[in-house]
Every structure is written in structure tokens, then in C-alpha cells.
Amino acid sequence: MCGIIGVTGDEASCELLLAGLELLEYRGYDSAGIAATDRSADPATSVVWRERAAEHAGSIDHLRGRAGSAPASIGAAVGHTRWATHGPPTEVNAHPHLDCTGRIAVVHNGIIENYRDLGAGLAVRGHLLVSATDTEVLAHLAEEQVAAGATLAEAVALCLGSLRGDFALAMIHAAEPEVVVVARRTSPLIVGVTATTGIVCSDVAAALATTRQLFALDDDQVAEVRPGSVVVRDRTGARVEPEPVAVSWSVQRALKGGYPDFMSKEMHEQPRAVGDTLLGRVQADGTTEIEELVLGDDELRRVRRVVFAACGTSYHAGLVGRQAVERWARVVADAEVSSELRYREPVLDEGTLVVAISQSGETVDSLHAMREARRRGARVVALTNVVDSVMAREADGVLYTRAGPEIGVASTKSHLAQLVMVEVFALHLARVGGRLDQGAVVSVAGDLLDLPVALEDALDRRATYEAVGRRFAACENFYFLGRRAGLPVALEGALKLKELAYVRAEAYPAGEMKHGPISLIEPGAVVVVVATRTPLWEKVMANVEEMRARGAAVVAVADAGDEETARLVDAVLEVPHVAEICSPVVNVVPLQVLAYTIARARGNDVDRPRNLAKVVTVE
Ligand code: F6R
């Protein structure tokens with residue numbers, strides 16, 4: 001969490017920093033801050049200029065209003081947008097943090113786990129730490145090294161050995177006014193250099209206005225970035241030659257493009273996200289090909305168990321993956337929340353393939369679950385939306401979704417792309433393993449290829465979903481039910497409603513209600529049920545009857561034109577009919593719109609729900 005940016009050279013300006021911070025704001029928006037060196041000041045005595053604001057979503061605008069006081073000739077600058085971990089979201093805790101001299105400024109993403117010990121040592125040695133953050137120690141540790149004669153890059157390198165935790169940091173020092181020094185461990189850090197400028201940031205989106213030639217720093221590397229040049233060293237101090245790659249994402253794709261918010265835009269982009277993700281991977285004749293998977297057919301045939309590891313919405317994609325792998329490939333499959341898997345001492349061996357699903361490719365629990373799996377001998381594949389993300393680089397193979405940049409905090413198009421990608425993977429595994437006959441493979445391929453059109457159809461019905469949302473916008477207790485392929489949809493619908501509308505919403509397998517939760521059902525409760533036609537439809541509808549008998553209003557996700565279902569419930573969210581195992585891709589859409597509508601009706605910011613950040617880089 002948190003977004004960091006740094007820039008040096010001719011383009012260094014508050015506007016560049018602030019525009020970059022706007023693109024990074026999805027990583028946290030509790031506060032924001034910028035700091036800069038002055039090229040025309042005396043390097044021996046000058047201090048860094050700094051402004052910070054803790055106005056939540058308004059922080060960047062606030063800083064823009066104060067940018068007039070910045071040095072006229074900025075040498076190097078750093079900026080930060082914060083998701084608070086240590087210390088409340090106040091201005092004093094906002095980054096950048098300074099050392100005692102006011103000549104060094106640092107911005108940081110991640111957690112310095114041993115900051116208390118480090119801070120206590122610094123206090124004994126006479127430093128005055130003013131914030132409650134784990135970050136501030138970094139500026140003071142560097143201050144000590146610089147006082148002993150180190151350059152800023154040397155100081156950062158010397159400090160790294162004493163740090164525990166996951167971090168990406170960027171520092172500037174008034175004595176070296178055109179240098180930005182960056183280092184990382186686990187948290188991402190991207191670097192780009194043009195002839196006159198150097199830029200560093202947490203996410204490629206913030207660098208694209210400057211350059212498309214970018215490279216990602218590796219763990220425990222330190223980069224000294226100057227206008228037009230960069231020196232990278234590894235933990236031994238040896239020089240490493242970075243290999244920039246050309247990034248194809250456009251800045252335009254990370255802008256709202258006329259929509260009122262990113263979530264609307266991203267929901268609208270779902271047919272394309274799914275179509276792009278299928279492109280070239282599945283053909284109508286049943287051929288499947290996943291180039292970046294790396295694992296060959298023989299290796300896939302040796303897989304005895306597939307474990308999907310993920311968090312939040314991505315976990316729901318894992319639940320669908322489990323069903324698809326078991327149904328089509330007849331391979332044992334599990335789906336587990338990464339933060340549990342990594343600490344559970346799981347049995348994972350060389351017969352296990354762990355597929356870690358993460359939109360961002362950065363989620364710290366999923367990254368560590370992947371590492372734990374690798375330690376135990378399993379093969380690991382990262383299913384991610386971000387090319388060259390930390391997880392993509394560490395995995396044995398990759399399954400890339402092609403949803404494009406997703407800025408809204410709530411996953412929408414990236415989730416649909418995940419769903420379709422786990423299904424493509426399951427079909428590939430089944431085909432390679434010879435577990436599905438050719439006719440069945442062709443039929444599943446056809447079902448997958450039909451999905452973009454079905455999604456267009458679902459999105460065309462958006463106004464009807466919004467009408468249902470408005471009708472129930474004032475309700476406070478929601479229950480989401482589903483069976484089999486409907487269960488991950490129910491879980492996702494409830495999560496979306498909670499995180500966007502701040503309404504209590506619980507999801508259960510429909511068959512579980514009478515084992516306890518049904519006690520909660522009374523008039524005023526709203527039950528949203530996934531009731532599209534499957535072999536379990538009658539059982540689902542029996543559960544619906546039980547809910548209605550206790551006074552709940554029932555909203556059903558139902559096949560378009562299914563009058564029987566419509567008669568048995570209070571409201572329907574109609575979707576085009578698709579094959580059951582592919583149905584989550586379509587059935588989630590009305591639930592996204594439902595959550596969106598209820599959140600908007602309650603006056604919530606759908607792109608920046610409270611307490612959340614798009615990228616979770618802390619445990
Ligand atoms: C909810 C949501 C989160 C993420 C979760 C994992 O809408 O977006 O639950 O799915 O934080 O993030 P990634 O997929 O980046 O690992």
C-alpha cells in the first residue's frame with residue numbers, strides 16, 4: 001500500500017509529481033506529501049522543501065494549492081500518497097519524513113517491522129523522531145551514515161542490512177540536489193531514465209508520461225538515479241546492469257475517459273477485458289495455448305493437485321478455478337486464502353501446482369504464500385494482471401489476464417478476466433491431460449468464446465440492475481446465497497456490497513442457512529440469491545422459499561426470460577444464460593452494479609472506499 005514517486009532532472013516539477021500521485025492514489029489516500037531539493041541553493045547548507053496534507057481524497061488538490069512555495073529550480077523531488085499503517089492519517093504522520101537536519105527526505109511503501117528497536121537506538125543517540133510512523137527511522141539512519149561521510153546511495157545501502165520487513169523507499173538529500181536514491185525489498189519499485197530525467201515510482205502508470213522504457217528494481221538493490229543515468233548495485237555492492245523493457249500500456253487507459261468514476265468505466269470495459277484475455281489462448285476447435293505458462297505438457301501431466309491461493313476478490317476467482325479444474329481436468333483442487341495458507345504449514349510437494357491469483361501481482365500475503373509453496377517443493381504460477389509484477393517475476397510460470405490498468409479500488413474487470421483465465425487454465429490442463437474428450441473440449445471452448453457477447457448483453461441491462469439497487473438502497477442487512485458455481489458469485493456480491501456501500505452483507509452456501517444463519521432472517525432482510533438454471537435450481541429455490549417464509553425480500557440473479565423464477569421472488573436481475581461453470585463471469589455483473597448503485601445512493605465514493613487501498617502490500 002502507499003504510492004511513491006521520485007523525479008530528477010529537467011522535468012522535475014511539482015506538477016509532474018502531483019499528476020503521478022493522482023495515478024498512484026488508488027494505493028492509498030489517507031494523506032499525501034511532496035519534498036524537493038533546490039538546484040540553485042547552497043548544497044552545503046540548504047534544507048529540503050516539503051509540503052504535506054492529510055485531507056484524504058482532497059490531499060493532492062490541497063498540495064497543488066501550496067506548490068507555489070516550491071523552489072523555482074527543483075533538482076530532485078519525491079512524493080507519497082499514504083494508506084496509514086503506523087500512526088493515524090494526520091499531517092505529522094504524512095510522508096515525506098525528514099531527518100534531524102531537514103536535509104534528507106524519505107518516502108516509503110511497506111512496513112519496517114523493527115522500527116521500534118531502530119527508533120529506540122536513534123533516540124539514545126540523540127535523534128528527535130516526531131511521527132508515529134515506521135518510516136521516519138529511515139531518514140535518521142541515513143543521516144547518521146551521511147554524517148560519517150557516505151553519499152546518499154552508500155547511506156541507503158548501509159542501512160538496508162538493519163531493516164526487517166517489506167519496503168520500497170525513495171530518498172533525496174539537499175547535498176546531492178539532483179539525485180534520487182531508491183531501494184526495495186518485496187514492495188515494487190519501477191525506474192526509468194531518459195536523456196535529461198530520471199523517474200522512480202510504485203507503478204508504471206505514474207512513469208508513462210515521462211518514459212516507457214522502464215525496469216523493476218530487484219530485492220535489496222539500491223539505485224542512484226540522476227538525470228540521464230542510473231547506477232544499480234546489489235546487496236554485495238556489485239554493479240548490476242538494468243535491462244529496461246518497453247511498456248505498452250497507455251496513460252489514456254488509466255484515465256476515466258468520460259465516465260463519472262473508474263468503477264463505471266472499468267465495468268463497461270469488461271467484455272473487452274474478457275475478450276482480450278481469451279485472445280489466442282482458446283480457439284473454437286478446442287486448441288488451447290498459454291505461452292507465458294512456461295510449464296510444458298509433460299510437466300502439467302505430472303500435476304497431482306492444484307492449489308489456488310489468493311485474497312479477497314481474487315480468492316473468489318480461485319474458488320471458480322477449483323471447480324473448473326476438478327470438473328474438467330479431474331485433478332484434485334483447492335482454493336485457499338493466502339494469509340492462511342502461508343502460515344498453516346501446508347502439505348505442498350512436487351506434485352502440487354500452486355496458482356497464486358493477484359490482480360496487482362503485489363499482494364504481500366499471496367507473494368509470501370507463493371514463496372512458502374516454492375520452499376516446500378511445489379511449482380508456482382502467478383495469475384496476474386500486471387506484467388512483470390513482483391509475483392510474475394518470482395513464479396515459475398505466469399497466466400496473464402489482459403484487463404488493462406484497473407484504478408477503481410474494487411476489482412471489476414480484472415476479476416472477470418481472472419475468472420476466464422482460471423477457466424482457460426483448467427481447460428488447458430484437461431486437454432493436455434486427456435481428461436476431456438475432444439467434443440467436450442470444443443464445447444467448453446465455445447462456451448468461453450461466447451462470454452464477451454454475453455457480457456455485452458448483461459451490461460445492456462445495467463439500468464434494470466440499477467433500478468433494483470435503488471429499491472433496496474436503504475436496507476441494512478443483506479445475505480447472498482448460492483450453490484456450486486453460484487457460491488463464489490454470492491461471496492463476491494457480498495464483498496462488493498460491504499466494501500462499497502458499507503452495508504452488512506454475509507454470503508453463505510444456500511444449503512448452510514438452516515445450520516445457523518437462518519436465525520438472522522426476519523422482515524427487512526434482503527436475500528440475494530444466484531438462481532440461474534442449473535441442475536441445483538430446485539434446491540436453490542427451496543432455500544428461497546425458506547427465506548421468504550421468514551419475511552426476507554428475495555432478489556434473484558436469474559436467466560433472462562425465466563418467468564418461473566421471477567414469480568417466486570421479489571425482484572430479478574436478469575442475465576443471459578451461459579453454461580454453469582462459465583456463469584460466474586456473467587452473474588457477477590449485476591451484483592457489481594447492485595453494490596455500485598447502493599453505494600452511490602448512500603453518497604459513497606465508489607473509487608475510493610473508506611479504509612481500503614487497491615494494493616495490499618502489508619499483512
Ligand atoms: C475487492 C478487491 C480486493 C482484492 C484483494 C487482492 O474488490 O479488489 O479484495 O481482490 O485485495 O488483491 P490482488 O488481486 O491485487 O492480490
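These are my notebook entries on a predicted model of one protein.

**Entry 1. Overall build**

I began with secondary structure. The protein holds 20 helices and 25 strands. Next I looked up the radius of gyration. The value is 25 Å, close to the 25 Å that the globule rule gives for 619 residues, so the protein is as compact as a globular protein of that length. I then took the extent of the C-alpha trace along its principal axes. The spans are about 80 × 55 × 45 Å.

**Entry 2. Burial, surface and charge**

What share of the 619 residues is buried? I found 61%. The accessible surface comes to about 22,300 Å². Carbon and sulfur atoms account for 50% of that surface.

Charges came next. I noted 62 positive and 83 negative charges. Their mean positions lie 3 Å apart.

**Entry 3. Domains**

I looked up how the chain is divided. Domain 1 covers 3-247, domain 2 covers 257-449 and domain 3 covers 461-619. How far apart are the C-alpha centres of domain 1 and domain 3? They are separated by 43 Å. I still found contact between these two domains: 13 residues of domain 1 meet nine residues of domain 3.

**Entry 4. Arg-64**

Is Arg-64 buried or partly exposed? Its relative accessible area is 27%, so I logged Arg-64 as partly exposed.

I listed its partners, leaving out residues up to four places away in sequence. Arg-64 touches Glu-15, Leu-18, Ala-19 and Glu-22. Ala-19 is 45 residues from Arg-64 along the chain. Their C-alpha atoms are 9.8 Å apart.

**Entry 5. A cis bond at Pro-96**

As background, most peptide bonds are trans, and most residues other than glycine have a negative phi. The bond from His-95 to Pro-96 is cis. Its omega is near -5°. I placed Pro-96 in the loop between β4 (74-82) and β5 (97-98).

I located Asp-388 in the loop between β19 (379-384) and α12 (390-394). The relative accessibility of Asp-388 is 33%, so this residue counts as partly exposed.

I left aside neighbours within four places in sequence and looked for contacts. Asp-388 meets Arg-393 and Tyr-400. I also took a distance to Pro-271, 117 residues away along the chain. The two C-alpha atoms are 24 Å apart.

**Entry 6. Tyr-502, positive phi**

I logged another positive phi at Tyr-502, near 55°. Tyr-502 lies in the loop between α17 (486-501) and β22 (504-509). Its relative accessible area is 24%, so Tyr-502 is partly exposed.

**Entry 7. Pro-535**

Where does Pro-535 sit? I found Pro-535 in the loop between β23 (526-530) and α18 (537-549). The cut-off for exposed is over 50% relative accessible area. Pro-535 has 68%, so I counted this residue as exposed.

With neighbours within four places in sequence set aside, Pro-535 is in contact with Arg-484 and Glu-580. I also took the distance to Ser-229, 306 residues away along the chain. Their C-alpha atoms are 63 Å apart.

**Entry 8. Arg-602**

I finished with Arg-602, in the segment after α20 (583-601). At a relative accessible area of 29%, Arg-602 is partly exposed.

What does Arg-602 touch, not counting residues up to four places away in sequence? I listed Ala-473, Ala-474, Cys-475 and Glu-476, along with Ala-501 and Val-503.

Last, I looked up the distance to Ala-195, 407 residues from Arg-602 along the chain. The C-alpha atoms of Arg-602 and Ala-195 are separated by 49 Å.

Note on methods. Residues numbered from 1 in each chain as written. Predicted model: local features only at pLDDT ≥ 70, side-chain atom pairs only at ≥ 80, totals over all residues. Heavy atoms only, no water. Helix = DSSP H or I, 4+ residues; strand = E, 2+ residues; numbered from the N terminus. Rg over C-alpha atoms; globule rule 2.2 N^0.38 Å. Buried < 20%, exposed > 50% of the residue type's maximum accessible area, 1.4 Å probe, protein only. Areas by Shrake-Rupley, 256 points an atom, 1.4 Å probe, with all protein chains shown as cover. Lys, Arg positive; Asp, Glu negative; His and termini not counted. Charge placed at Lys NZ, Arg CZ, Asp CG, Glu CD. Domains from an automatic or database assignment. Contact = heavy atoms within 4.5 Å.
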